[in-house]
Amino acid sequence: MSYLNLGIVAHVDAGKTSLTERLLHHAGVIDRPGSVDRGDTTTDTLALERERGITIRASVASFPAGDVTVNVLDTPGHPDFIAEVDRSLAVLDGAVLVLSAVEGVQAQTLVLMRALQRLRLPVIVFVNKIDRRGARPDVVADAVARRLSPDVLPVQRVVAAGTPSARVVPLPDDGLRAWLACESRRGTAHPVLFGSAVTGAGVPELTAALGSYLPAVDAGKSADARSGVVFAIDREGRRKRSFVRMRSGALRVRDKIDLGHGRAERVTGLSVAHRGSLDPRDTAAAGQIAVVHGLSTARVGDVVGRALPGDERASQFPPPSYETVVGVAPGDRGRLYAALTELAEQDPLIRVRRRGEEITVSLYGEVQREVLAAVLQREYAVDARFGEVRTARQERIVGTGHAVEVKKQDGNEFLATIGLRVEPVRPGSGVTFELECERGSMPPAFFDAVEDTVRRELARGSLRWPIPDARVVMTHSGYAPRQSHMHQKFNKAMSSTGADFRGLTPRVLAAAVRRAGTLVCEPVHRFVIEMPDDVVGSVTSLVGRLGGVPMESGVGGSGGGVGVAVVRGEIPAGSVAALQRDLPGLTHGEGVCQTVHDRFEPVVDRG
Ligand SMILES: Nc1nc2c(ncn2[C@@H]2O[C@H](COP(=O)(O)OP(=O)(O)OP(=O)(O)O)[C@@H](O)[C@H]2O)c(=O)[nH]1
Ligand SMILES: [Mg+2]
């Protein structure tokens with residue numbers, strides 16, 4: 001038996017969920033393909049997904065394709081839910097990147113393709129919606145080659161495009177297919193296929209292509225050492241479920257698992273994706289996705305068993321650009337914080353910060369805020385009020401700063417000596433923690449307490465804003481050994497505990513960061529605006545007024561329309577809402593603007 005963990009990824013509304021239904025239907029797993037518009041698909045199961053007709057959480061179903069069992073992960077396309085996609089990417093063997101034959105290459109398509117390429121994942125490009133009026137499969141295939149990757153090769157052509165009878169015909173194989181299969185499995189070239197998730201055209205061909213162009217994992221490795229990774233967490237009722245992708249070895253009910261959070265826990269229940277549902281099992285084998293009960297301490301990214309190189313992978317997508325203050329009736333504040341913390345555990349890119357009475361959550365956008373409000377209300381019965389969405393900022397260390405506090409000196413009330421030096425590093429390189437003092441000078445638990453606190457404080461932004469990148473060096477250490485008065489018990493007042501180190505670290509760190517100096521940075525987005533060509537002048541000056549920089553302009557939209565102009569450039573995230581608001585008025589309602597986060601840059605005073 002072999003498995004293929006397959007991601008279906010695309011921009012919003014490209015047809016991922018509809019295509020997943022078609023694949024399940026073609027494999028005989030469901031009797032008739034469900035419909036997003038009727039709200040009865042296999043993978044959009046949340047009430048909110050069915051009401052809104054969009055995917056919010058990734059979900060898994062499985063179907064047979066030849067002798068391979070395909071676990072298909074249908075992912076959300078709305079950029080507000082990119083964190084879901086990110087987690088799915090960590091466990092894929094390959095992906096189908098879906099485009100619409102009408103809308104073509106979108107900003108989000110590029111973002112996704114770049115992430116897939118960075119991970120060297122094998123990708124099949126599927127141009128969907130060939131039945132829809134206005135479908136231009138050839139134009140879109142050219143745009144794919146031009147903008148996504150030159151290493152693509154269409155293996156079909158479409159007849160009767162743009163009509164309900166549109167279908168696909170294989171192109172003659174002039175010896176290239178074997179080469180393409182080989183390159184595709186290595187992620188270095190990508191076949192382009194066409195079809196329609198509504199009529200089912202091209203779906204049998206796509207199913208066959210999964211076997212030829214993507215690599216499956218052999219379950220034969222079950223005897224090897226166990227290795228798996230937690231890639232999603234959710235709750236069924238109040239019961240926590242961990243989604244684990246098994247890479248080698250096996251996982252069984254009653255196995256004791258140590259995820260590295262201080263205590264081993266027992267697997268109390270296990271299911272695997274089987275056809276359209278999750279089936280209870282005793283064992284999950286290499287290649288399978290297991291839904292595991294009993295791991296109450298599990299977090300996304302945890303390794304089950306043996307770690308492999310690359311497990312420490314960083315997020316493929318930028319952090320949220322926005323944040324908002326969340327308020328509730330005073331008596332509900334504790335419940336709100338608990339609910340948000342639980343949600344953040346399911347979604348590690350959602351950061352919850354609490355400073356005094358104020359609770360802030362980070363967000364990708366307005367839709368995510370609406371969904372969060374609905375989830376809090378329905379699942380936690382918390383009536384939350386959200387403040388204005390504002391730009392999430394970060395701080396960048398610019399110099400070197402050092403601070404030391406010695407135990408029993410200068411009013412240090414903690415039984416701990418800590419010295420920390422903070423240094424700048426290249427943006428994007430993360431936080432590193434190193435020791436310049438003797439490792440043997442203190443029990444390891446105290447060093448761990450300092451490191452954990454440093455990382456938490458920097459990520460939390462308890463100083464002002466989160467500091468994602470820094471080199472932190474511990475220069476001084478000291479503690480009071482475990483001691484007691486004669487014939488008495490262990491005395492906390494005379495001996496250091498972890499709490500002394502956790503208590504003192506924030507203060508030393510804050511002093512070191514203050515001395516190092518920081519720059520406040522704001523998120524900058526890349527934008528693409530399509531508009532009638534007679535308004536380019538007024539749109540570029542609007543962009544300029546909002547602090548943006550138009551960098552490139554040309555004619556023709558993604559499909560090369562007549563009289564359509566395109567302007568690309570960069571704009572501070574804080575100005576995106578104003579741009580979206582003012583664009584229709586300047587463009588006779590015809591301007592379309594897409595933006596994606598690019599990076600954080602020091603805030604410029606636009607006076
Ligand atoms: N004509 C036509 N419509 C399609 C096709 N595929 C999907 N649609 C329609 O496009 C809309 C979006 O389809 P979904 O399957 O929800 O798209 P999605 O990519 O899963 O959307 P998100 O999960 O929200 O990103 C629905 O109204 C579908 O009926 C197709 O091949 N042809
Ligand atoms: Mg969907």
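Colleague: Where is A189 found, going by the helices and strands around it?

Modeller: A note before the answer: this is a predicted model. A189 is found in the loop between helix α6 (176-185) and strand β9 (190-194).

Colleague: Is A189 buried or exposed?

Modeller: The cut-off to keep in mind is that buried means under 20% relative accessible area. A189 has a relative accessible area of 4%, so this residue is buried.

Colleague: How far apart are A189 and L23, in sequence and in space?

Modeller: Two separate distances are needed here, one along the chain and one through space. A189 and L23 are 166 residues apart in sequence, and their C-alpha atoms are 23 Å apart.

Colleague: How many residues apart in sequence are V326 and V352, and what is the distance between them in space?

Modeller: V326 and V352 are separated by 26 residues in sequence and by 9.9 Å from C-alpha to C-alpha. V326 is found in strand β21, which covers residues 322-327. Its relative accessibility is 5%, so V326 counts as buried.

Colleague: Where is the place of V300?

Modeller: V300 is in the loop between β19 (289-293) and β20 (303-305). For accessibility, there is a class between the two ends: over 50% is exposed, under 20% is buried, and partly exposed lies in between. V300 has 21% relative accessibility, so it counts as partly exposed. From V300 to F414 there are 114 residues in sequence and 34 Å in space, C-alpha to C-alpha.

Colleague: Where do A381 and K408 lie?

Modeller: A381 is in the loop between α9 and β24 (385-386). K408 lies in the loop between β27 (401-405) and β28 (416-423). A381 has a relative accessible area of 55%, so it is exposed. K408 is exposed as well, with a relative accessible area of 68%.

Colleague: How many residues surround ligand 1, and which are the closest?

Modeller: Start with the shell of residues, then look at single atom pairs. The shell around ligand 1 has 19 residues, and the closest are K16, S18, D37, T55 and D131. By class, six are nonpolar, seven polar and six charged. Helix α1 (residues 16-26) gives the most to this shell, with three residues.

Colleague: Which atoms of T17, N128 and S196 lie by an oxygen atom of ligand 1?

Modeller: For T17, a backbone N or O atom lies 2.8 Å from a ligand oxygen. For N128, a polar side-chain atom is 3.0 Å from an oxygen atom of ligand 1. For S196, a polar side-chain atom is 3.2 Å from an oxygen atom of the ligand. Taken alone, ligand 1 exposes 650 Å², and the protein buries 89% of that.

Colleague: Where is N128 placed, and is it buried or exposed?

Modeller: N128 is in strand β5, residues 123-128. With 2% relative accessibility, N128 counts as buried. A polar atom of the N128 side chain also lies 2.9 Å from the backbone nitrogen of A197.

Colleague: How many cavities of 30 Å³ or more does the structure hold?

Modeller: One. The volume of the largest cavity is about 100 Å³. Residues lining the largest cavity include P320, E323, R351, R353 and F600. Its lining divides into five nonpolar, three polar and four charged residues. Strand β23 (residues 358-363) provides the largest share of the lining, three residues.

Colleague: What volume does the second largest pocket have?

Modeller: About 1,000 Å³. It is lined by 42 residues, and L46, R57, A58, D234 and Q346 are the closest to its centre. The lining has 19 nonpolar, 10 polar and 13 charged residues. Among the elements that each supply at least two residues of this lining are α2 (47-52), β11 (227-236), β12 (239-248) and α8 (333-346). Helix α9 (366-380) is also one of these elements, and the loop that holds A381 runs between α9 and β24.

Methods: Residues are numbered from 1 along each chain as its sequence is written. Chains are lettered from A and ligands numbered from 1 in the order in which they are written. This is a predicted model: local features need pLDDT of at least 70, side-chain atom pairs count only at pLDDT 80 or more; totals for chains, interfaces and linings use all residues. Side-chain values use heavy atoms; hydrogens and water are left out. On a 1 Å grid over the protein atoms alone, a cavity is a set of points where a 1.4 Å probe fits but cannot get out, and a pocket is an open set with protein on both sides within 12 Å along at least five of seven lines; lining residues have an atom within 4 Å of a point. Grid points are joined across faces, edges and corners, and a volume is the space filled by probe spheres set on the points. Helices (H or I, at least four residues) and strands (E, at least two) are DSSP runs, numbered from the N terminus. Ala, Val, Leu, Ile, Met, Phe, Trp, Tyr, Cys and Pro count as nonpolar, Asp, Glu, Lys and Arg as charged, and the others, Gly among them, as polar. A residue is near a molecule or strand if one of its heavy atoms lies within 4 Å of it. A polar contact is a pair of N or O atoms within 3.5 Å; within protein, one must be able to donate a hydrogen and the other to accept it, and residues adjacent in sequence count only if both atoms are side-chain atoms. Accessible areas come from the Shrake-Rupley method with a 1.4 Å probe; for residues, only the protein chains shown count as cover. Buried means under 20% relative accessible area, exposed over 50%, partly exposed in between (1.4 Å probe, protein chains only).
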